Amino acid sequence: MSFDKLRLDGVTRRFAGRPGLVDLTLTIERGEFIALLGPSGCGKSTALNCLAGLLPLSVGSIWADDTRLDTLPPERRGFGMVFQNYALFPHMSVRRNIAFGLQMRRLPRAEVRRRTDEAITLVQLEEHAAKLPGQLSGGQQQRVAIARAVVLEPALVLMDEPLSNLDAKLRLEMRTELRRLHQSLGLTTVYVTHDQEEALSLADRLVVLRDGRVQQIGTPEQLHTRPANRHVADFMGYRNLLPLTVTEKVGDRVVLARGDLRLIGTAVAPVDLGDEVTVGIRPEDLRLVDADAIPATVEVVEYQGREVAVEARTADGVRLHLRTPDRPAPGHKIHVAADPDRVLAFPTDDGAGG
Amino acid sequence: MSFDKLRLDGVTRRFAGRPGLVDLTLTIERGEFIALLGPSGCGKSTALNCLAGLLPLSVGSIWADDTRLDTLPPERRGFGMVFQNYALFPHMSVRRNIAFGLQMRRLPRAEVRRRTDEAITLVQLEEHAAKLPGQLSGGQQQRVAIARAVVLEPALVLMDEPLSNLDAKLRLEMRTELRRLHQSLGLTTVYVTHDQEEALSLADRLVVLRDGRVQQIGTPEQLHTRPANRHVADFMGYRNLLPLTVTEKVGDRVVLARGDLRLIGTAVAPVDLGDEVTVGIRPEDLRLVDADAIPATVEVVEYQGREVAVEARTADGVRLHLRTPDRPAPGHKIHVAADPDRVLAFPTDDGAGG
Amino acid sequence: MRRGLVARPAAWLVWGLVAFFFVNLAGVIGSVVVSSFGTRWFDTWLPQGWTGGWYAQAWQEFGLLSVLLVTVQVSALVVGISVLIGVPAAYVLARRSFPGRRLLYLLFLLPILMPPITYGIPLATVLYKYGFAGHVSGVVLANLVPSVPFVILTMTPFIEQIDPAIERAARMCGAGTRQIFTRILAPLLVPGLLAASILVLVRTVGMFELTFLTAGPDSQTLVVALYYSMSAAGIRAQQSVDAMAVIYTTMMLVLLVVALRFVNPTQLVARVKEDVE
Amino acid sequence: ACGAPDSPGGSARTGGPVPEKPGAPVTLNVLDVAGNLQLTQTMIDEFVRRHPDIVSRVTYSKSPAPELVGKVKAQQNANRVDIDLVLTGVDGLAAGIDQALWTPLLPTYAGRLPGMASYLPGAAAMQKLAGDFGVTVTYYPSGPLLEYLPSKVPNPPTSAQGLLDYARANPGAVQYARPSNSGPGRTFLMGLPYLLDDSDPKDPVNGWEKTWAYLRELDKHVRLYPSGTGETMKNLANGSAKIIVTTTGWDINPRALGTVPKDAKVAALDGFHWVTDAHYAVVPKGVSTDKQAAVLALLNWMLTPEQQARAYDKGYFYPGPAVRDVPLSMAPADSRAAIEEYGRPEYERLIADHPLEVPLDAKALVAAFDRWDREIGGGKVTQ
Amino acid sequence: MSGRTALRHRLAERGIDRQLLLLAPAAAFVAVLFIYPFLYGVGLSLQPARGGPLGAYRQFFADPYQRDTVLTTLGLALPAALLNVAASVPIAYRMRGHRSGWRSRGKRLLTTVLVVPITLGTVLTAQGLLNFLGPTGWFNRILLATGLVDAPLRLTNNYWGVFFSLVITGFPFAFLLVLSYLSGIDPTLERAAATLGAGGAQRFRRITLPLLAPGLATTFCLTFVLAFSVFPSAVLVGDPAGQTRVISIAAYDAAYVRYDYPMAAAIAVIMGVVELAVIAAVLGWRSLLYTGSTSGGKG
Ligand SMILES: Nc1ncnc2c1ncn2[C@@H]1O[C@H](COP(=O)(O)OP(=O)(O)OP(=O)(O)O)[C@@H](O)[C@H]1O
Ligand SMILES: Nc1ncnc2c1ncn2[C@@H]1O[C@H](COP(=O)(O)OP(=O)(O)OP(=O)(O)O)[C@@H](O)[C@H]1O
Ligand SMILES: NCCCCNCCCN
Ligand SMILES: [Mg+2]
Ligand SMILES: [Mg+2]
């Protein structure tokens with residue numbers, strides 16, 4: 001089933017009445033790489049399962065151009081999927097697991113063999129091709145799951161956290177391979193990941209879900225620099241979420257304050273003077289400066305490679321997280337500042353809706 | 001089974017004759033937090049399984065102080081374990097899964113209830129306490145697995161990639177909780193992760209494995225700044241591994257060159273003039289400078305939040321990876337330099353042994 | 001996984017009981033086999049003499065060669081067809097919920113519960129009417145009546161045990177329902193299929209009433225001859241009944257061994273995930 | 001073999017007059033529910049050999065008697081009868097008559113069965129039980145007799161009271177099988193009213209006071225009632241029973257087969273009457289007239305003295321022939337040899353001296369079984 | 001088209017779709033070959049010679065000799081089925097596992113040997129019990145020779161003979177099913193329980209047994225039905241007029257001795273109803289249990 005546009009129209013799935021995914025409307029262009037992001041349990045896997053046809057929709061429809069898809073059984077949609085829990089065929093060797101889909105398409109034996117071998121090489125399991133899934137390590141199993149899905153070169157690939165059990169190096173390699181495959185084969189990909197960096201580096205567009213509802217759909221840059229609400233911000237790594245009050249306002253530039261703390265920032269949605277807002281700042285956007293900024297005391301320093309993660313507290317007891325290549329010691333007094341463009345003010349009461 | 005020292009002595013496990021874990025010798029102090037790291041399939045889970053008593057050793061022994069442990073069945077060791085594949089009891093609700101271990105210890109009902117509730121809160125599954133594992137999302141299942149192990153407050157907790165299926169924010173929270181638990185309860189933890197950052201931030205000591213063999217054991221800082229060989233380096237994020245020749249040598253400061261490329265670095269092991277070495281540099285240790293350094297052309301720029309990942313190529317065709325907050329465009333000429341302390345030269349032929 | 005010392009007494013008890021069971025079982029079987037080869041056996045440990053005559057006589061009297069062939073044919077067909085029909089039905093009952101599911105379950109229970117006395121004669125009438133009875137086909141059809149539900153009932157829990165995610169994965173690979181059955185479920189269900197087949201086999205070979213009612217002169221199975229020799233009017237030596245019983249058991253054993261050969265015997269206890277050690 | 005079912009006699013006539021001879025040689029399917037083929041199969045085979053123009057092939061099947069009725073009914077309900085000739089004992093015969101399964105062969109075709117005119121008196125009496133439906137093919141006076149090993153029972157009882165006394169003195173030593181599962185068992189049951197001089201030996205419900213009282217008394221000293229005659233024979237042989245009930249055939253044949261020691265002896269109780277037994281040939285309704293013709297020709301053949309002599313067998317149904325003037329000397333050699341070795345000269349006199357009685361009719365016999373089960377067998381609570 | 005789709009959609013929501021067609025062959029088969037004959041039999045039971053439609057049933061329950069067969073049969077079938085299932089579980093539990101080395105070969109052999117009695121059939125079992133346990137059989141001979149008893153034990157032609165035969169024929173049946181059901185349970189779960197401090201007995205009771213329970217329920221039902229319809233051995237090695245006058249004997253007598261088909265059909269229906277009651281209880285219990293995949297997470 002190939003398509004130019006894949007359209008999800010109000011896709012909703014309930015579990016015993018409680019919503020797993022609510023009203024997902026999204027058009028995916030052929031060749032796009034879409035990443036689904038969101039906290040654990042937000043409905044990412046549910047969305048993939050609905051797309052794949054593994055879960056019937058409670059409401060809504062899915063269209064491939066003008067063909068209605070959601071009534072077709074999964075095997076007639078011709079999509080590929082990497083399952084979050086792998087779902088490998090326990091009675092088949094790695095090789096047979098990967099070849100299975102090709103055999104289902106009745107490809108000539110030689111081609112099955114060739115493509116299976118390629119996929120095995122892709123996921124670096126040459127040595128393990130004859131093992132059963134039960135004899136593999138977790139990461140090896142995950143790679144079989146990836147190979148089994150991509151070997152089919154399906155029109156749409158659905159990947160549910162496909163790299164979560166791989167080590168950093170392999171993850172990077174696999175990520176590059178997946179991107180390469182996506183481009184060279186002209187696949188359309190919907191990708192679930194909990195790794196922001198992965199999402200940002202791979203995807204053309206991101207969909208952020210929370211409690212089954214879409215929070216924001218946009219390019220990586222949009223999400224990163226302009227999260228639509230504080231939940232997205234929270235999720236996108238704005239670890240400092242401070243409850244402040246709007247004390248001055250010029251355009252969308254606002255002054256935010258509480259006690260000692262005073263910051264200049266940018267309002268993401270219209271706010272009024274005196275509003276309580278949530279102010280989001282990423283740890284890496286907070287800088288140590290010499291003076292004339294927010295004073296705080298270092299409490300915890302965590303070694304993180306070239307940088308350290310610092311937890312500091314202002315005189316008022318507000319906790320701040322920052323990352324810095326400098327190494328302040330616990331107890332030190334520091335001064336912290338941030339670029340107003342990177343200080344985002346969100347209305348505190350914004351609902352779940354995007 | 002509590003202990004002051006847990007000693008692994010030549011622990012070896014083979015699968016049908018092929019090594020899964022070879023000759024692991026390690027002494028763990030009570031209260032220590034040990035992280036096992038290594039590429040997929042290197043034997044991390046095997047090591048945990050041996051410790052837990054789920055896999056009989058092929059060779060070697062395990063001692064808790066002066067008591068030999070490896071002959072005890074798992075239930076007599078009193079260790080807790082988070083399984084990589086969760087192994088939740090499919091017929092028990094989340095609550096009952098978590099309470100199971102407490103019930104096995106015949107604790108009073110009220111205490112079981114209290115501690116179970118605490119553990120459920122810890123992993124933020126209050127709303128899902130009555131569900132069966134099959135009704136949970138992947139990350140929720142993983143959290144049940146964590147709660148089930150830590151609720152016992154066991155002398156030794158073994159965690160096999162316990163956070164791999166959680167989103168970044170939750171992972172960070174859980175990481176903090178685990179560290180807190182570890183400290184407040186005085187647990188000893190052996191932790192498998194493929195996330196270097198997690199390992200570096202959590203662990204007192206790291207054990208790096210490759211192909212079942214120990215490569216290096218040391219503190220995070222040791223591993224990060226002085227990987228013992230090029231494999232560890234590779235794994236610790238030294239993404240630039242360049243085959244160069246030693247052209248000058250003063251103490252352990254060496255000059256390394258090939259064609260245009262010329263770098264000053266530090267020898268990790270004794271090298272001689274003229275030796276072919278592998279030079280490791282992390283992407284974040286390569287700086288863009290104005291001139292007087294290695295010239296290269298930008299090829300790929302990948303957006304990664306505040307920084308970008310750049311792939312550049314020297315005139316000789318050597319590919320360099322670097323991270324920078326600047327945003328060079330593909331095709332630009334750049335100059336790259338690195339601090340000699342952070343340029344490590346490893347003998348190319350170093351074996352697998354640590 | 002090593003078992004603790006605590007398990008020892010329980011283990012010993014279990015093995016002790018198993019051993020006791022076997023010793024007595026050997027006695028039960030042995031006494032029949034010995035008797036079937038004995039000339040006369042009165043109040044002694046062993047018969048006075050040995051002979052194969054009882055077998056020769058039984059073989060000849062019942063034309064056992066053709067009876068055995070019919071028996072093998074009937075039981076193979078019944079096992080094959082009931083698995084083919086029963087497993088898909090068991091699959092639906094295990095996996096799906098739909099209105100009328102319980103009623104259907106009851107419907108499938110009934111033929112197992114109801115003694116053939118209730119339905120045997122009318123069933124045979126139907127089969128005679130449409131020209132099946134009197135031939136192997138009629139015997140097979142009649143025996144399928146309890147066998148199909150039997151397969152359904154035994155297979156349902158086996159299917160429930162299989163993680164549906166595996167099936168979903170197969171669908172994502174483009175496998176249709178048929179391929180799911182042949183490529184995924186069948187291999188995973190091997191232990192169950194084997195158990196169900198063996199039990200259907202045993203029940204079919206031993207099914208006297210329905211077979212007798214629907215068999216023609218050329219489609220009798222061994223059990224009819226066996227029951228005749230055991231319970232018909234007239235004088236029979238005990239040894240000849242013993243010989244018949246041994247022939248019956250031997251045939252079953254051969255069928256069982258063939259069945260186990262056919263499907264790898266280790267799969268009787270095979271599992272999806274390997275145990276350690 | 002499971003190809004398209006042909007239609008047996010689908011178009012053939014099943015009613016109307018039976019021709020002298022089938023239009024074409026027929027296949028006969030013979031079902032034996034009485035163990036009668038032991039005696040008659042050689043007769044039938046010989047007939048087929050001699051008359052291929054009448055019968056081209058015979059198939060034999062055997063089954064326990066009780067289930068027969070159901071099978072024939074199923075076939076008749078479906079109009080597809082494929083059993084052409086049934087060889088049965090009294091019970092199957094009666095059940096079939098009761099359920100209207102059999103084609104009446106008599107008196108219409110009596111003329112084609114001249115052999116019936118020379119039945120022995122006992123056989124003639126047994127033939128009356130068959131009414132218009134069956135033809136007696138073999139006959140024997142049966143029992144009741146007692147059997148014992150002289151080494152174990154030097155002085156066997158000679159009267160009913162003696163048997164009771166013996167049982168009392170030797171608990172568990174007297175054994176008979178559950179009557180509904182055993183020929184000798186039921187013969188003993190039916191013979192008792194004559195021995196005890198009960199008011200109506202043909203009415204087990206109202207006329208057997210003494211019999212039931214006697215059985216109840218005997219029951220106190222009987223340890224078990226096996227479910228088959230064979231079992232009692234085995235127990236006699238291995239010594240766990242000392243006196244069992246038997247019939248002529250059950251006396252001679254098992255000793256010839258070796259399941260009972262050769263030196264076992266029989267005793268007759270004073271004043272006993274023989275309760276006779278016979279096997280019948282019957283034709284189910286729905287068999288084509290061509291096949292009926294073949295069956296009639298076959299039966300006629302079987303009732304000739306030459307063929308009847310084969311019924312001596314090895315004492316299986318001793319003597320066996322249903323017609324007069326068939327001396328042992330006419331029997332095949334192996335048969336003669338067996339009977340000379342295992343037969344008993346005293347039988348001739350016993351048969352001559354004691355009255356012959358026909359067994360109970362089916363209804364009465366079932367009533368007797370039921371009462372025996374309830375009051376004798378069922379009352380027994382042994383541990 | 002969209003109307004059809006909508007209908008299909010709505011039916012699918014209620015759980016009705018094309019997959020249910022997989023039921024069709026079995027359902028059709030049973031409907032065609034069983035329903036009519038069965039209803040015919042039930043109808044027959046309602047047409048006794050006298051006593052109105054329920055006459056046969058009334059007659060059965062009015063007569064203690066008949067009525068008691070229900071209890072007699074339950075008294076044999078329930079303990080035998082329970083024993084068979086209960087004994088199969090620990091043995092199968094120890095036999096499960098697919099290991100290598102001599103131990104596995106030994107277990108495999110033992111498994112095969114345990115399954116062998118399934119081939120015996122009722123007749124050989126009955127003959128064997130009569131021969132072996134009979135007054136002069138090897139069993140009593142050994143007891144006598146070793147001086148353990150001074151008169152042969154009475155082990156056949158009574159309750160125990162039938163009970164033994166139900167065990168010999170029923171045990172391998174139950175064992176085979178239980179062993180196979182066990183093989184479908186993921187062994188990692190027990191390992192997980194072990195790390196939580198559960199000893200062997202608790203692992204079995206809390207993990208394996210609950211996951212096995214649905215299979216056990218089915219096994220029990222089938223073994224019970226098998227035992228409840230015991231016939232040949234109740235006659236051959238039992239005391240068919242007394243202690244082991246099971247309900248099939250009553251049905252058999254009605255059908256084949258008295259040719260009282262309505263009564264026979266009525267007794268058979270009663271058999272079915274009693275079995276159904278027991279099975280309904282067991283399956284009702286089963287429906288309260290967890291049934292579903294027995295795997296515990298990823299993989
Ligand atoms: N039962 C088995 N039979 C054969 N080989 C096995 C078996 N179990 C594990 N292995 C092999 O042993 C090696 C180590 O496995 P292990 O599970 O310890 O890896 P790991 O370090 O945990 O990897 P990952 O990060 O992917 O989970 C792997 O190559 C694996 O394929
Ligand atoms: N079968 C079910 N019954 C009830 N609730 C369910 C069921 N399946 C999923 N849910 C619930 O629906 C919500 C969404 O689940 P889903 O698996 O889509 O989450 P997810 O976004 O994939 O999370 P994760 O990142 O943890 O895998 C969760 O809260 C989950 O508990
Ligand atoms: N399951 C019942 C088997 C019936 C066997 N009938 C034998 C006839 C006994 N007289
Ligand atoms: Mg998920
Ligand atoms: Mg692992």
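Analyst: Chain A splits into domain 1 (5-230) and domain 2 (231-347), with bounds that come from an automatic or database domain assignment. This is a predicted model, in which local features need pLDDT of at least 70 and side-chain atom pairs count only at pLDDT 80 or more, while totals for chains, interfaces and linings use all residues. Residues are numbered from 1 along each chain as its sequence is written, chains are lettered from A and ligands numbered from 1 in the order in which they are written, and side-chain values use heavy atoms, with hydrogens and water left out.

Start with the two domains of chain A. Their centres, taken over C-alpha atoms, are 36 Å apart. Contact here means heavy atoms within 4.5 Å. By that rule, 17 residues of domain 1 of chain A meet 17 residues of domain 2 of chain A.

The size of an interface is often given as the accessible area lost when the parts come together. Buried area is that loss, taken with a 1.4 Å probe and summed over both parts. For domain 1 and domain 2 of chain A, about 1,500 Å² is buried, and 64% of it is on carbon and sulfur atoms. On the domain 1 side, A:Arg226, A:Pro227 and A:Arg230 supply 44% of the buried area, more than any other three residues.

H8(A) gives the most, with three residues. Helices (H or I, at least four residues) and strands (E, at least two) are DSSP runs, numbered from the N terminus. By class, this side of domain 1 of chain A has seven nonpolar, seven polar and three charged residues. Ala, Val, Leu, Ile, Met, Phe, Trp, Tyr, Cys and Pro count as nonpolar, Asp, Glu, Lys and Arg as charged, and the others, Gly among them, as polar.

Chain E also has two domains: domain 1 (1-45) and domain 2 (64-289). Their centres are 34 Å apart over C-alpha atoms. Four residues of domain 1 of chain E touch five residues of domain 2 of chain E. The two bury about 320 Å² between them, 82% of it on carbon and sulfur atoms. E:Val42, E:Leu44 and E:Ser45 supply 87% of what domain 1 of chain E buries there, more than any other three residues. The salt bridge count between these two domains of chain E is zero.

Next, chain E against chain B. Here 29 residues of chain B contact 25 residues of chain E. The buried area is about 2,200 Å², with 64% from carbon and sulfur atoms. B:Glu75, B:His91 and B:Met104 lose the most area in chain B, together 28% of what that side buries. There is one salt bridge between chain B and chain E. E:Arg203 forms a salt bridge with B:Glu75, the closest N and O atoms being 3.0 Å apart. Four residue pairs are in polar contact between chain B and chain E, both residues at pLDDT 80 or more.

Last, chain C against chain E. The contact takes 107 residues from chain C and 108 residues from chain E. About 9,400 Å² is buried, and carbon and sulfur atoms give 73% of that. Two salt bridges lie across this interface. C:Glu160 forms a salt bridge with E:Arg286, with closest N and O atoms 2.9 Å apart. Ten residue pairs between chain C and chain E are in polar contact, both at pLDDT 80 or more. Helix H1 (residues 7-36) of chain C gives the largest share of the chain C side, 18 residues. That side divides into 78 nonpolar, 15 polar and 14 charged residues.

Definitions and conventions: Salt bridge = Lys/Arg side-chain N within 4 Å of Asp/Glu carboxyl O. Polar contact = N/O pair within 3.5 Å; in protein donor to acceptor, adjacent residues only side chain to side chain.
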